[in-house]
Amino acid sequence: MSNWNIFEVFKGMGKYYDLLYMLTRRDIVIKYKQSIMGFMWSIFMPMLIVSAGMLVRYAFSRLSGVPITMKDIAAVSVKAIPWAFFVASIRFATVSLISNANLVTKIYFPRKLFPIAAILSQFFDFVVASVTLAFILGIVRVGVSVQLLWVPVLVSLLFVFVLGLGILLSALALFFRDVKYLVEVVLTFGIFFTPVFYEVGMFQEWAPILLLNPIAPILEGLHASVVGHAAPAVGWVAYSAVCSMAALCLSFLVFKNLEPAFAESI
């Protein structure tokens, strides 16, 4: 265990990239096969989140007397799409080993490919929804600035955090079946403790607590760079980066220790 190295783990998975591609493609095809809405499903959930967010914004506007603007719609939309990616990825990654039990017990290959493929298939939806968002932001004339260079950095941090958390939960759910129910509850109510419908700045006294959620600085950073044309809070972004890498390293460590007992636990 002392020689365990996350880079060695990734290196050892190199020969399975083709299999990862096939698993990811399978998940995408299954999702859209015989679907009436097709790729519209990739933007359906973000649209629901945006709609709910606008209701919340409307309530705030009635209380404060400040009318809702197109910038408010852009602010919620920019954060709704990554949040939808986070929720869907964690949900499907958590049950990825259980739903592929027949393959887990019969064929040997890195089992972590299942949660990774589940997350990559959701990232495909994220890309489709992001392209749609780009058109919407262009219509409402949000504008562009050099601060957009932060977007790939923040999206990368989000992906790493989701990857780490998804791999970890997939392994735990195999041994403790109530994990998937706990995940559903947390994902359902987590949006109220995450700045999706609102900005952290609206609650100055609670801002440090809200930002302890590793997703919060990423979403706030996306809002700042895309809508506000300002640099995100670098300190909090660094905090999210540390949490993301810690989650990834912990997930690979736990997965490595539990993997030999997977077949017995299904």
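F85 touches I119, Q122, F123, F126, L158, F159 and V162, leaving aside residues up to four places away in sequence. Keep in mind that this is a predicted model. F85 sits in helix 4, which runs over residues 70-94. With a relative accessibility of 4%, F85 counts as buried, because the cut-off for that is under 20%.

**Reach along the chain**

- Take V162, one of the residues F85 touches: its C-alpha lies 8.9 Å from that of F85, although 77 residues separate the two in sequence.

**Ring pairs of F85**

- The structure holds nine aromatic pairs.
- In one of them, the rings of F85 and F123 have centres 5.7 Å apart and planes at 70°, so this pair is edge-to-face.
- That pair links distant parts of the chain, with F85 in helix 4 and F123 in helix 7 (residues 113-139), 38 residues apart.
- F85 also pairs with F126: here the ring centres are 5.4 Å apart and the planes stand at 45°, so the pair counts as tilted.
- F126 lies in helix 7 and F85 in helix 4, so their pair ties together parts 41 residues apart in sequence.

**How exposed the partners are**

- F123 has a relative accessible area of 25%, so F123 is partly exposed.
- F126 comes in at 9% relative accessibility, so F126 counts as buried.

**The cluster**

- Ring pairs join F85, F123, F126 and F159 into a cluster.
- F123, F126 and F159 are also among the residues that F85 touches.

Conventions: Residues numbered from 1 in each chain as written. Predicted model: local features only at pLDDT ≥ 70, side-chain atom pairs only at ≥ 80, totals over all residues. Heavy atoms only, no water. Helix = DSSP H or I, 4+ residues; strand = E, 2+ residues; numbered from the N terminus. Buried < 20%, exposed > 50% of the residue type's maximum accessible area, 1.4 Å probe, protein only. Contact = heavy atoms within 4.5 Å. Phe/Tyr/Trp six-rings, centres within 6.5 Å; stacked < 30°, edge-to-face > 60°.
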